[in-house]
Protein chains: 4
Amino acid sequence: MKAAVLYGPRDIRVESFEEPELRPGMVLLRSRLVGICGSDQHYYEHGYCAAFVPDRPFVLGHEVMAEVAAVADDVDTVRVGQRVAVNPARSCGFCEDCKTGRGNLCRKTIMLGSASTTPPTNGGLAEFVVVRADQCHALPDDMDERVGAMMEPFAVALHAAKRAGTVSGRRVLVTGAGTIGLLAAMTVRAYGAAPVAISDLVAERRAKAEELGIDAVLDPAAADFAERSRKLSGEGFDVVLEASGASPALRSAFDLVRPGGTIVQIGTLGTEDIPLPANKLMNKEINLVGSMRYGNVFEEAIRLVAAGRVDLRPLINAVFPLEAAGKAFEFAADKARSFKVQIQI
Amino acid sequence: MKAAVLYGPRDIRVESFEEPELRPGMVLLRSRLVGICGSDQHYYEHGYCAAFVPDRPFVLGHEVMAEVAAVADDVDTVRVGQRVAVNPARSCGFCEDCKTGRGNLCRKTIMLGSASTTPPTNGGLAEFVVVRADQCHALPDDMDERVGAMMEPFAVALHAAKRAGTVSGRRVLVTGAGTIGLLAAMTVRAYGAAPVAISDLVAERRAKAEELGIDAVLDPAAADFAERSRKLSGEGFDVVLEASGASPALRSAFDLVRPGGTIVQIGTLGTEDIPLPANKLMNKEINLVGSMRYGNVFEEAIRLVAAGRVDLRPLINAVFPLEAAGKAFEFAADKARSFKVQIQI
Amino acid sequence: MKAAVLYGPRDIRVESFEEPELRPGMVLLRSRLVGICGSDQHYYEHGYCAAFVPDRPFVLGHEVMAEVAAVADDVDTVRVGQRVAVNPARSCGFCEDCKTGRGNLCRKTIMLGSASTTPPTNGGLAEFVVVRADQCHALPDDMDERVGAMMEPFAVALHAAKRAGTVSGRRVLVTGAGTIGLLAAMTVRAYGAAPVAISDLVAERRAKAEELGIDAVLDPAAADFAERSRKLSGEGFDVVLEASGASPALRSAFDLVRPGGTIVQIGTLGTEDIPLPANKLMNKEINLVGSMRYGNVFEEAIRLVAAGRVDLRPLINAVFPLEAAGKAFEFAADKARSFKVQIQI
Amino acid sequence: MKAAVLYGPRDIRVESFEEPELRPGMVLLRSRLVGICGSDQHYYEHGYCAAFVPDRPFVLGHEVMAEVAAVADDVDTVRVGQRVAVNPARSCGFCEDCKTGRGNLCRKTIMLGSASTTPPTNGGLAEFVVVRADQCHALPDDMDERVGAMMEPFAVALHAAKRAGTVSGRRVLVTGAGTIGLLAAMTVRAYGAAPVAISDLVAERRAKAEELGIDAVLDPAAADFAERSRKLSGEGFDVVLEASGASPALRSAFDLVRPGGTIVQIGTLGTEDIPLPANKLMNKEINLVGSMRYGNVFEEAIRLVAAGRVDLRPLINAVFPLEAAGKAFEFAADKARSFKVQIQI
């Protein structure tokens, strides 16, 4: 089969690759559309991502929309021909984390298109990819396949909204209007947060937030930022979703959040310690919680989109053919202007 | 001052009435718009409501939008001239229920426009009414005052949605498309339930539900009811909000709800015992929870409407002047066609 | 191997039986001690249990303490020689219920020693039994093996306590002082419920509750029952755990529970509808929740016993050898006097 | 009346003081026993505490056990002659925080024996003190009055345990074995945490923890600390309660807590920012929550002690007469050896 194989920094080659094997419990998927995520981008630019260094060339792609090509004999929950969104994280199903509904913390998780395993686990930027049956989530017939490939990043936002406890009817601020931040703002709005504000230093991102109809779009560097925040939130936002990964944003959240409120850290931060006002955490009785990937939210993600609660299409900037995979990555590198770039197989 | 005074069944007289006195902690309100609720209707038709029998003529009206006419010297949270929605339930603030955030269960609650106290507590169908400062919730300048008078019934629906635990992203069925059922459906949709279905035996109510754009409108007597329910919910609805007060609806909820799901009883049921499949409750591990009035949800109610998450106007059928109070009650008696009738003071 | 095989009502034969086969992911256990549960007793007395009618002779026993005899090649979480308590419910691990931490609702669950599958799944009353690796929970070296075989009924009580929401510091009543009721009372006491009361009509059971040191032991037929309840609970118990399976007990719970409180149904009720005061459910804003078996609580059960938070030994009345399996069942039939009868293999 | 009046650093004078006035809703208490808290100690040593600088001499004491001497005419929940534990925090009862059950965050709180108001609010180190009726919590007749005066610090520990979410059955580590840390350890053990570990650098405190029977007592400076922690907690503690106020303890909690676990900050930290590994917060999906004083937990505190779930007496080192108030403060200054010093009035 044909695949986009990553050989090293900025070295991605569309070439012939060994087809994956169908084992018991598994499903063979014909990959259709694959989105590029920040971590893919990092692999592309540097050849590795965080602590994950591939020991051989491998296939990226974990935001996958696909069609079921074949299923193993023991699989009865997925049918050949179905269009599916793929949950790229295959947790074990049997450890304490999995059994308590926190499969996203499972230490045995195998991640599609990732070098977190050795050898790396090949992803969806190929004609075929194999996943476990429960990783497949059927899409309604009338759902745009580009939208189907948005379920994975949408799942990140959904999980973060759940980590906030309750957002319905609450005053919510999202810091950072990149793809995940915008998705988070759309999600909490769909969950009934009111009002929903979003902040970003970059004008292009704020413009996208305006286009999406977020209730209030803020520039943290503007002179009237504090005043606008206060008008929106009174004594503070009930929830702050930190999606920028910028440590000043996290620090400022301790001031912007209401006593008793919740800060959710979604954006990836560096490994350095960050100075934080822990005394405020106590005096204001703040909850500061991490949000790691997503749990079992794909079915919900599909239902929300199918019912029209969120419209994910405005985030898709461009779709490239597999042959132009490298070009797609180059395009996606402009983080101010590109929100979601997809590759069609 | 002028007031609509209830003397007995179908005997409501617009006449002169003693003006209420402003005491410490209290606020004098100029009543503007008052909605008629099912319990008001019951007082009007029978002269009493449930166990509450007035010992003298009194003034009904607990769905009140008003303007602040005067405040006691010690009040600093409300200003003269403000337009407010009124929380008619004055809980004590100091008992165990109040202190744990469940003021709706406070045994010392004093209810506006109700004979639950002796003498009865006069309500909003008068030129003036006195409430404690914390019962007043300021309305945004641009909010329609008819909508302001809808906050009380909306609060009932909001509280019920909260009693369901989480509805965001869940499959929800509301049984009963009267005013509260419709408000509940609108609320869970605003909270991100997907899909939201509503059922009612009465065609006019189903028509209103269709008009409001509820995802699916069902007739429980229709031949295809079971099949449509299954299509919408798969193995059952995550949440069923029972708003009809009809015992067959409650009983059927045990079948329609998914294992592990939640049934919320909002509709008032008679005092007779109702035969229920308690073994299903256990085998399906159902949560069956009552929902009683509302807690501290008025600020949230106002925020949700102000942010455009719900539009309450389509439920308002007619506004009558105070002088025509009796006529308003007669109009409201047609429960199939009238959803919310209001009286302007 | 030798096994106690159930042929029909009161017809249990200790005889040679085919040894179970070790497949991938599985563990071969040498059964050591097996407790007799109410459902085992029902199978023994009637040949079936509820809707589960075996199509052939099979081996009962799902309260199993065992030693690991062999493990499949792919198993790395269990070691040969370990002593384990067995979770007899093998949920699939991959459905929506399993992934959300509610494996006890998994529709694909395979239950040890049960005719819920066809053919029946053989249980622990045999020299060997095969389970999936994650069904095994290692016991500390110094734990009495009879106590190890109590983990399954203890898990039922633990799950019920969790279904109550919070019991720590709350006033709790358990109705029914059979084995599960007593375990529930011990569990909520270990969780910090204060005070803990238990009620039963049968004097022998009340005597056992006294022996276990439950704070208050009540006779619901006694003249001072209402007064004692009021003294213990003030305006009502925060939580009532209904473990008797008697419908009058469930009905009375609506009066005994505090407004805003929770009733948990643990005791198995018949399939007939039960008349219940649903209006009280609403007016008192009660939570009525079912409790079905147990989820992932075995590790916790072992930790609680190991730390001395509960002492399960006083509930064990007698231990019979496998050869005397029938006699053990006859002994266990005296429900007033026998709390837990075990069979040693 | 006689009172211990704080004039400045180490200048406390037992002298005549104006008796407080009984107003509506209030209760006049005859103070009996008052515990010395760390903040009292800070006032004594420095003349102020944190940002609270008294503008005149005032009476300390907020850990108060008292007898009701008189009640205002409108008070019906408290009776003259009752022995009570006092909740020193008088929240307003009507703000959004109070109404949602989070009165500990109420911005209008008036604190007994504190300079957080101007003028300072006089406390319990006097013959008489006045509080609002709902601040009084009746003690059982047979409860030791010294124990009654322990309810306030116990309430701090109870609140922290609640902030942890669920501790029942969980592996819990408390860092810091001062009074609050020890109370926290006793509380989570009473709530069924298993095992409960506590750590402290100071040998005397570890000795007290051993005396109290905490499951495991650790020295964070010991060579085997990491190994013992791992043995106790496997992949980490489910909950870490940080009660030392030492920033290294908070930082280490990020390593000691299990993925998905919760860290509760109880110990007062300085106002400087603390470098924290925020990336671990995200990758391990940790909850870091502040715990601020206590909410409505006094009734529960009394029930837990009355039912024998905790024994607070071993923490009381010494009781001094009012005349020796200064001496009591000097004694309490030895933080390694003194856990709770009380003053009898």
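User: How many salt bridges are there between chain B and chain D?

Analyst: Keep in mind that this is a predicted model. The count between chain B and chain D is four salt bridges.

User: What makes Asp134(B) and Lys99(D) a salt bridge?

Analyst: A side-chain nitrogen of Lys or Arg has to be within 4 Å of a carboxyl oxygen of Asp or Glu. For Asp134(B) and Lys99(D), the closest N and O atoms are 2.4 Å apart, so the pair passes the 4 Å cut-off. On the chain B side facing chain D, helix α2 (residues 96–99) gives the largest share, three residues. That side of chain B comprises three nonpolar, five polar and seven charged residues.

User: How much area do chain B and chain D bury between them?

Analyst: About 1,300 Å², with 48% of it on carbon and sulfur atoms. In chain B, the residues that lose the most area to chain D are Phe94(B), Lys99(B) and Asn296(B), together 45% of what that side buries. The contact itself takes 15 residues from chain B and 14 residues from chain D.

User: Now for chains A and D. What rotation superposes chain A on chain D?

Analyst: A rotation of 180°, with 0.0 Å of shift along its axis, and the RMSD is 0.0 Å. That is why the relation is called a two-fold axis. The residue of chain A that comes closest to the rotation axis is Pro275(A), whose C-alpha is at 1.9 Å.

User: How do you know that the copies meet through the same surface?

Analyst: Because 100% of the interface residues of chain A are also interface residues in chain D. In numbers, 41 residues of chain A are in contact with 41 residues of chain D.

User: Why does the pair Arg163(D) and Glu285(A) count as a salt bridge?

Analyst: Their side chains meet at 3.9 Å, N to O, and the cut-off is 4 Å, so the pair qualifies. Chain A and chain D have twelve salt bridges between them. There are also 27 residue pairs in polar contact across that interface, both residues being at pLDDT 80 or more. Among the elements that give two or more residues to the chain A side are α4 (151–163) and β15 (257–265). The most comes from α9(A), with five residues.

User: Let's look inside chain A. Where do its two domains run?

Analyst: The domain assignment gives domain 1 as 2–150 + 312–344 and domain 2 as 157–290. Their C-alpha centres lie 29 Å apart. The area buried between domain 1 and domain 2 of chain A is about 1,000 Å², 65% of it from carbon and sulfur atoms. Pro314(A), Leu315(A) and Phe339(A) supply 52% of what domain 1 buries there, more than any other three residues.

Key: Residues are numbered from 1 along each chain as its sequence is written. Chains are lettered from A and ligands numbered from 1 in the order in which they are written. This is a predicted model: local features need pLDDT of at least 70, side-chain atom pairs count only at pLDDT 80 or more; totals for chains, interfaces and linings use all residues. Side-chain values use heavy atoms; hydrogens and water are left out. Domain bounds come from an automatic or database domain assignment. Buried area is the accessible area (1.4 Å probe) that two parts lose on being put together, summed over both. Contact means heavy atoms within 4.5 Å. Helices (H or I, at least four residues) and strands (E, at least two) are DSSP runs, numbered from the N terminus. Ala, Val, Leu, Ile, Met, Phe, Trp, Tyr, Cys and Pro count as nonpolar, Asp, Glu, Lys and Arg as charged, and the others, Gly among them, as polar. Copies are superposed by least squares on the C-alpha atoms of residues with pLDDT of at least 70 in both. A polar contact is a pair of N or O atoms within 3.5 Å; within protein, one must be able to donate a hydrogen and the other to accept it, and residues adjacent in sequence count only if both atoms are side-chain atoms.
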